[in-house]
Amino acid sequence: MSTKLRQLGPQPQAATEAPTSRRSPQPRGPAHLWKRLVLGPALPTAQLKHERLGKPTALAVFASDNLSSSAYATEEILKVAVPAVGAVAFSLVMPITFAILAVLAILLFSYRQTIKAYPSAGGAYIVTKDNFGLLTAQLAGVALLTDYVLTVSVSVAAGVAAITSAIPGTFPYRVWMSVFFIWFIAWGNLRGVRESGRMFMVPTYFFVVMMFVLLGTGLARAFSGDLQQLPLPDDVAATTGAIGVFLVLHAFASGGAAVTGVEAISNGVPAFKPPEWVHARSTLMWMGSLLGLLFLGLSFLALKLHALPTE
């Protein structure tokens, strides 16, 4: 009886009492409203899984840097070789291009394995830290940060140079145009993964389509015999020199700009839709294949046309 009375007795009230006060949200000033206007509303953590990228969008986001480098990699080879050996430099274009494509193939299959082994993001820092220690990983991380800064500057400068070449009247505004494009890229990335994907899809795929139109037209004219070489300036035609090992290595290093950005997909595996590593590997191979075709085609046309890099 006493046991039943204890069970039927009054229960503790602490567990049923609701808190009498709740912390009020902090007031939001003009800075918060301006940030929301520019970058959009903040997303709750539970909604992040809906921000994952499909392969077409991810290719535009992660491969834009890598694919754009194909537009100036051949030019970088010629910038080194032409002043040293003149017209003989064109004999170096295709061998150096094939050497860089071999390096690209090694990188692609290396990162393909890394993506599967590190599906939570297999960047150079994490992989190096697990296999070689913290100090080596820090060196790799610093190298990546330097690479990212140089990639933005070189890509933007090359893009603005192409615009000013097509529209000479914009040449005096090239610095302000470069600053605007850097700001635009930063703003697009700060708005979120999906938003930046939508923004970068249009210019990325427009670039790829236009490159294939250029290469298709050029190759058709080359094989039909309708592609004529450009006349060489007198100073280039008169320049002679011996092709040395250092010159070849220097040109190879400069043309290595073509493989910048290959690591971007392995760094961003969690941004893909499930299964993340499967979609990331597929996108990586598409990116590498497109880059190889664009770079090889431009080098071939540069050889056939004897196109020279100019300011």
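This is a predicted model: local features need pLDDT of at least 70, side-chain atom pairs count only at pLDDT 80 or more; totals for chains, interfaces and linings use all residues.

Visitor: Is threonine 164 buried or exposed?

Guide: Burial is judged by relative accessible area, and a residue counts as buried under 20%. Threonine 164 has a relative accessible area of 10%, so it is buried. Threonine 164 belongs to helix α7, residues 134–166.

Visitor: Which backbone oxygen does the side chain of threonine 164 reach?

Guide: That of alanine 161, at 3.0 Å. Apart from neighbours within four places in sequence, threonine 164 is also in contact with Thr170, Phe171 and Arg174.

Visitor: What does the side chain of histidine 279 reach?

Guide: The side chain of histidine 279 reaches the backbone oxygen of lysine 273, at 2.9 Å. Histidine 279 is part of helix α13, residues 276–305. With residues up to four places away left out, its contacts are Lys55, Phe272, Lys273 and Pro274.

Visitor: How many residues separate phenylalanine 300 and methionine 94 in sequence?

Guide: They are 206 residues apart in sequence, while their C-alpha atoms are 7.0 Å apart in space. Phenylalanine 300 also lies in helix α13. Residues up to four places away aside, phenylalanine 300 touches Met94, Leu219, Ala222 and Phe223.

Visitor: Which residues form a nonpolar patch on the surface?

Guide: Phe206, Val209, Met210 and Val213 do, and together they have about 370 Å² of accessible area. Methionine 210, in helix α9 (residues 193–223), has a relative accessible area of 39% and is therefore partly exposed; that class lies between the cut-offs of 20% and 50%.

Note on methods: Residues are numbered from 1 along each chain as its sequence is written. Side-chain values use heavy atoms; hydrogens and water are left out. Helices (H or I, at least four residues) and strands (E, at least two) are DSSP runs, numbered from the N terminus. A polar contact is a pair of N or O atoms within 3.5 Å; within protein, one must be able to donate a hydrogen and the other to accept it, and residues adjacent in sequence count only if both atoms are side-chain atoms. Contact means heavy atoms within 4.5 Å. Patches are made of residues with over 30% relative accessible area and no salt bridge: like charges are joined within 9 Å, nonpolar side chains (Val, Leu, Ile, Met, Phe, Trp, Tyr) within 5 Å. Accessible areas come from the Shrake-Rupley method with a 1.4 Å probe; for residues, only the protein chains shown count as cover. A salt bridge is a side-chain nitrogen of Lys or Arg within 4 Å of a carboxyl oxygen of Asp or Glu. Buried means under 20% relative accessible area, exposed over 50%, partly exposed in between (1.4 Å probe, protein chains only).
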